[in-house]
Amino acid sequence: MRFVMRLSTIGCIITTSSFCQTSFASAVKSSESVLFQGRLLEDGCSNNPLDPNSDVGAQMSSSLFSSYENKLYLPTKSDPCNGMTLHWKIIDSSKIQIGVTVKSNSQGWVGIGFSETGGMKGADIVYYEAATNKLVDAHVGDSYAMPMKDQLSQDWSLLSSNTSDDGYISFEAERDLIVAAAPGHEDHNIVNDSSVWVANHRIIGAWGSGTTISYHNKNVVQGTVQLFSDDDGNSAGNAHANFLADMEQRSDGHVVLKLSDYQVPSDVHSYL
């Protein structure tokens with residue numbers, strides 16, 4: 001595994017200046033996506049149909065979700081060629097539409113969630129079962145357990161779905177951004193994350209070949225995604241790339257530090 005770190009010299013000694021504070025916040029906000037984005041560069045996945053940046057993936061993306069500007073490939077940890085394609089768009093600052101594609105089988109299931117911690121516990125889930133063409137708004141409690149159907153309200157609406165003979169499952173759904181107004185509501189609000197002071201959204205996803213939702217095995221993904229375009233008009237979903245572009249324009253220079261074949265220790269804290 002190779003880690004890449006970029007340090008930009010922004011020429012500010014007084015760290016309380018607004019520029020330094022903004023740059024630091026942007027660095028922290030975007031740093032979580034460095035390893036995730038780096039995984040997309042691994043060999044062997046140049047023609048991955050699920051990666052919208054590949055030629056084959058771009059064709060699939062265009063045929064299924066042509067109206068979506070924002071798209072991202074989330075690879076699994078065990079296999080960078082296996083993963084989930086996420087498309088999304090914000091409608092009138094009040095709704096979000098998503099399009100999700102995975103490879104399973106024509107009778108399988110796929111789910112995606114918003115998580116404050118980046119894991120399954122406490123996540124806000126929506127999943128689709130192809131066998132019955134059913135969309136379920138669900139959530140996970142404070143444990144690693146099967147998602148439970150929301151009882152207060154079903155806030156996601158199924159817009160379209162598609163299955164293919166070679167095992168690809170796609171669905172398109174919509175919900176309001178702000179839904180958790182009542183106490184005890186099971187959904188998470190989806191807030192505007194364009195500011196460097198607001199954390200990006202943590203996304204999880206899973207899928208399987210059974211006709212109903214069940215244990216996902218290795219078919220699970222995680223990612224940190226900026227859902228809203230930022231104030232400078234930079235595209236959503238590219239928080240780390242936006243930060244690097246901003247530093248190229250505003251910094252005095254940068255240095256790249258690389259560690260080849262570094263073994264990540266099992267300690268809770270490790271300092272290089």
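This is a predicted model: local features need pLDDT of at least 70, side-chain atom pairs count only at pLDDT 80 or more; totals for chains, interfaces and linings use all residues.
Figure 1. Helix 3 supplies the largest share, four residues. By residue class, the lining of the second largest cavity divides into six nonpolar, five polar and one charged.

**Figure 2. Aromatic pair of phenylalanine 65 and tyrosine 68.** The structure holds two aromatic pairs. One of them joins phenylalanine 65 and tyrosine 68 in an edge-to-face arrangement, with 5.6 Å centre to centre and 80° between the planes. Phenylalanine 65 is buried, at 4% relative accessibility, and tyrosine 68 is likewise buried, at 5%. Lysine 89 lies over the face of tyrosine 68, at 4.6 Å from the ring centre.

**Figure 3. Salt bridge between aspartate 176 and lysine 95.** Three salt bridges are present in the structure. In the one shown here, the closest N and O atoms of aspartate 176 and lysine 95 are 2.6 Å apart. Aspartate 176 belongs to strand 10 (residues 168–176) and lysine 95 to strand 4 (residues 95–103), so the pair ties together parts that are 81 residues apart in sequence. Aspartate 176 is partly exposed, its relative accessible area being 32%. Lysine 95 also counts as partly exposed, at 28% relative accessibility.

**Figure 4. Salt bridge between arginine 175 and aspartate 124.** The side chains of arginine 175 and aspartate 124 meet in a salt bridge of 3.2 Å, N to O. Arginine 175 lies in strand 10 and aspartate 124 in strand 6 (residues 124–129); the pair therefore ties together parts that are 51 residues apart in sequence. Both arginine 175 and aspartate 124 are buried.

**Figure 5. Salt bridge between lysine 134 and glutamate 129.** Lysine 134 and glutamate 129 form a salt bridge in which the closest N and O atoms are 3.7 Å apart. The two partners fall into separate accessibility classes: lysine 134 is partly exposed, with a relative accessible area of 42%, whereas glutamate 129 is buried, with a relative accessible area of 4%.

Figure 6. Most residues other than glycine have a negative phi. Aspartate 92 has a phi near 55°, a positive value in a residue other than glycine. Aspartate 92 is placed in the loop between strand 3 and strand 4. With 69% relative accessibility, aspartate 92 counts as exposed, because the cut-off for that class is over 50%. Asparagine 217 likewise has a positive phi, near 55°. The loop that contains asparagine 217 runs between strand 11 (201–208) and strand 12 (220–225).

Definitions and conventions:
Residues are numbered from 1 along each chain as its sequence is written. Side-chain values use heavy atoms; hydrogens and water are left out. A salt bridge is a side-chain nitrogen of Lys or Arg within 4 Å of a carboxyl oxygen of Asp or Glu. Helices (H or I, at least four residues) and strands (E, at least two) are DSSP runs, numbered from the N terminus. Buried means under 20% relative accessible area, exposed over 50%, partly exposed in between (1.4 Å probe, protein chains only). Rings of Phe, Tyr and Trp (its six-membered ring) pair if their centres lie within 6.5 Å; planes under 30 degrees apart count as stacked, over 60 as edge-to-face and the rest as tilted. A charge sits over a ring if NZ of Lys or CZ of Arg is within 6 Å of the ring centre and within 35 degrees of the ring normal. Ala, Val, Leu, Ile, Met, Phe, Trp, Tyr, Cys and Pro count as nonpolar, Asp, Glu, Lys and Arg as charged, and the others, Gly among them, as polar.
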